[in-house]
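The sequence and the model are shown first.

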Amino acid sequence: MAVTRAQQPVVTTPAPLPAAARLAHPLLLLTGIVLVALNMRACLAAVSPMVGDIQRTFGLSATASGLITTVPVLFQGVGAPLTPRLTRRFGAERVVLGAVLVLGAGVLLRVLPSAAALYAGCVVIGVAIAVLNVSMPGLVKREFPDRAATMTGVYSTTMLVGATLAAGTSVPLEHALGGGWRASLGAWSLLAVVAAVAWLPQVLRARQERGAVTGSAGAVTGSAAATAVPGKPIEGIWKSPLAWQISLFMGISSLLVYILVAWMPTILADHGMDRGQAGLVFAFSNLLQVAGAFLVPLMAGRMTSQRALAVTMAVLNGLGIAMLLVAPVSAAWASAAVLGLAQGGSLGLGLAFIVLRTGSAAGAAQLGGMSQAIGYLVAAAGPVGAGALHQLTGGWEATLALMLVLVLVVGAAGWGAGRNRTL
């Protein structure tokens, strides 16, 4: 029997990738992820050494100056829930590119000669970082499904490296560029431009692969399918106990971090330590966060259950805070070491939970949106609340004691979040 043209099987051969798409080699993808991650904390850390100069420039009060660092954290919580919708509509690659460019624009807006522009820039920076915070776990989940925890360690470590470098080079940049704090802070917009250029091949690849999916021949390559179909969203995520446990683990861990970022040097100085030495102790703690952020996600990826690891991070946090409470000066270096490992490890583990407890890129982005919205809204209250409690009691004992109670909550939330379950 003759076979009609309509009955003949259609054999399709995927078209070769264009030059731009071929550039999106895994090594270039990794480079793009690292450069984007460098931006995610650098512009926040760079402003801390400049707050005094900014305060004098605009005649700001101490409270208004504190908002320079608080507003970006607050708007990271506000912007996080919006990101999953953006990634579903435009694709993770384009959303990441747009967020990096918006971040660079926010950095420039922050240095314009206006107090209103200063705070507007802080808002823009916070929202842009929120989008990146939520987009990256889903993207890592999709591109490195078998090494998601390892890659989470890489980019969480890179974020802390970027913060450390920015904090350490802000004042030298001010002197080198000769333009005051505005030149120093504005220079970080160049890092965003470099990251955007490095990320552009991923956008071109994604566009080509979406074309392959929707092409008339209907041929879909494996990577194209992965780009076009990131998986289904999680139904009822806001009612899930597991999602809340992950969110509380991230939120309260971040709260503890931001309290110590704001007040640890002051706590040490108020107990008699030289301010210069207190700054060195704090820098040492930040340095060890890098080790924790890298090693803990690697360990998490090798475990079926991360319960013991989560509880260990809580215990280390509690031990470091207890040393600050009992022997703030004599045990300062030991406390800084323990807290650095615990805080960096808690950050890395919280991000690892997002990729380990979800089964798709869409689910990871959705859980990231929820957990980081809760996390940064909670964390934004930490420095202000700790300062108010110190002012009320006249010392730091009540603040540190309350932090120890919160460590118990972190341990309980981590015990639930570490179960071998998927949303």
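Which residues line the largest cavity? In this predicted model, where local features need pLDDT of at least 70, side-chain atom pairs count only at pLDDT 80 or more, and totals for chains, interfaces and linings use all residues, the lining consists of Asn39, Ala42, Cys43, Leu103, Val107, Trp188 and Leu191. Residues are numbered from 1 along each chain as its sequence is written, and side-chain values use heavy atoms, with hydrogens and water left out.

**Cavities**

A cavity is a set of points, on a 1 Å grid over the protein atoms alone, where a 1.4 Å probe fits but cannot get out; lining residues have an atom within 4 Å of a point. Its volume is the space filled by probe spheres set on the points, which are joined across faces, edges and corners. The search of the whole structure gives 2 cavities of 30 Å³ or more.

| Cavity | Volume |
|---|---|
| Largest cavity | about 40 Å³ |
| Second largest cavity | about 30 Å³ |

For the largest cavity, α2 (26–45) and α6 (92–110) are the elements that give two or more residues to the lining. The top contributor is α2, with 3 residues. Helices here are DSSP runs (H or I, at least four residues), as strands are (E, at least two), numbered from the N terminus. By residue type, this lining holds 6 nonpolar residues, 1 polar and no charged. Nonpolar covers Ala, Val, Leu, Ile, Met, Phe, Trp, Tyr, Cys and Pro; charged covers Asp, Glu, Lys and Arg; the others, Gly among them, are polar.

The second largest cavity is lined by Leu260, Val261, Met264, Phe282, Ser285, Asn286, Gln289, Leu339 and Gln343. The largest share, 4 residues, belongs to α13. This lining divides into 5 nonpolar, 4 polar and no charged residues.

**The chain as a whole**

The protein chain has 17 helices and 0 strands. Among contacts (heavy atoms within 4.5 Å) with a separation of 6 or more, 81% join residues 24 or more positions apart. The chain exposes about 18,000 Å², by the Shrake-Rupley method with a 1.4 Å probe. Carbon and sulfur atoms supply 68% of that area.

**Helix α6**

How far apart are the end C-alpha atoms of α6? They are 26 Å apart, in agreement with the 27 Å that its 19 residues should span at 1.5 Å a residue; the expected span is 1.5 Å times one less than the number of residues. The buried residues of α6 include Leu103 and Val107, and both also belong to the lining of the largest cavity. Other buried residues of this helix include Glu93 and Arg110.

**Two residues in other helices**

Alanine 148 is found in helix α8 (residues 148–177). Is alanine 148 buried or exposed? Alanine 148 is buried, since its relative accessible area is 6%. Not counting residues up to four places away in sequence, alanine 148 touches Val140, Lys141 and Val355. Its C-alpha atom is separated by 7.7 Å from that of alanine 352, 204 residues apart along the chain.

Histidine 390 lies in helix α16 (residues 361–393). Beyond its neighbours within four places in sequence, histidine 390 is in contact with Asp270, Gly395, Trp396 and Thr399. The C-alpha atoms of histidine 390 and leucine 400, 10 residues apart along the chain, are separated by 9.9 Å.

Definitions and conventions: On a 1 Å grid over the protein atoms alone, a cavity is a set of points where a 1.4 Å probe fits but cannot get out, and a pocket is an open set with protein on both sides within 12 Å along at least five of seven lines; lining residues have an atom within 4 Å of a point. Buried means under 20% relative accessible area, exposed over 50%, partly exposed in between (1.4 Å probe, protein chains only).
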